[in-house]
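Please walk me through this structure in plain terms. I have not seen it before.

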Amino acid sequence: MELDSIEKLLEKYFEAETTEAEEQVLREYFTGGSVAEHLKEYSTMFSYFSQAKEERFTKQVPLKPRVNYYKWISVAAVAVLIFGIYFGKQNQEQKEAEYAYQQTKKALGLLAQNLDRGTQKVAYLNEFQETKQKIYKNN
Amino acid sequence: MTQTEFLNVVMPFKDKLYRMAKRLLVSSEEAEDATQEILMKLWARKKGMAKYRNVEAFAMTMTKNFCLDRLKSKQSGNLKLVHSNYADGNTSLQQQLEVSDSVHWVEKIMETLPEQQKMVLQLRDIEDYSFEEIAELLEMQPTAVRVTLSRARKTVRKKLLEKHSYGIG
């Protein structure tokens, strides 16, 4: 590459008017071995640019496939809900049964009481019977 | 989109994201964290990725915005400066030292540039983006990109020449 054209390109370069191809030319010239003495300073710039290009990102990025938590949470919620309804219902049924049992017991108790009273009253009939017997015997 | 497909999409430009982040955040740990963050964000919205015309440009803009936010937030008041090792080939030790030293200057000089200039210079001279792409990425007018780039290059030249003539690192 002619020194003259390199200088011209350099001028354009600092005005930011060079095309990518022209910049490539400059870069090759300045990173190559034979740079004119009075342009040596610029080679630092271009060699820095090409060195900077070599830097790599080496860190490993943990890419976990995103677990769809919502799905499992809703499954769990539905399960809990169903269990809740099931056991709640059972509980209520038990309570109802208990209530019915209590009521029945009460009713039966009442019945027994009344029956008892009835038999007590009926006991007077025996009195009548005995008296009747006495009368029969006396006759 | 499976993990392998995602990596195939992301692999070609993840280094560019990292370098951009590092240019803005200076510290390589910060830049690594930022890049990781960006990649994870991309992964999280991988379903929508097919919709983006240019995933690379999209990711680049994301990185830019993320880093600028980082810089703005107070936490980053104490960014660390991290020196990278410049390893390369077949020059003599003396020369190598000299070159890596002055090459290091360029990095230092770039650190002093305003963010906009940093980004434009990074995208153009290191990542070889076209003016249109840069304009789109940075949400700037193409002419503004040119002006900024010219300014950035001239500043680097000026400071580099100063250093060379005074020989002070």
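Along its sequence, chain A of this predicted model runs α-α-α-α. Its secondary structure amounts to four helices and zero strands. Chain A has 139 residues, of which 12% count as buried.

Chain A also touches chain B. The contact involves 22 residues of chain A and 34 residues of chain B. On the chain A side, α1 (3-14) and α3 (40-52) each supply at least two of the residues that touch chain B. The most comes from α3(A), which gives eight residues to that side. By residue type, the side of chain A that touches chain B consists of eleven nonpolar, three polar and eight charged residues.

Two residues of chain B have backbone angles that deserve a look. Most residues other than glycine have a negative phi. B:Val26 has a positive phi, near 70°, and is a residue other than glycine. B:Val26 sits in the loop between α1 (3-25) and α2 (28-44) of chain B. Is B:Val26 buried or partly exposed? With 19 other C-beta atoms within 10 Å, B:Val26 is partly exposed, because a buried residue needs 20 or more.

The other residue is B:Asp128, which is not a glycine and has a positive phi of about 55°. Its place is the loop between α5 (115-126) and α6 (131-138) of chain B. B:Asp128 has 15 other C-beta atoms within 10 Å, so it counts as partly exposed; the exposed class would require 12 or fewer.

Conventions: Residues numbered from 1 in each chain as written. Chains lettered and ligands numbered in written order. Predicted model: local features only at pLDDT ≥ 70, side-chain atom pairs only at ≥ 80, totals over all residues. Contact = placed C-beta atoms within 7 Å. Nonpolar A, V, L, I, M, F, W, Y, C, P; charged D, E, K, R; others polar.
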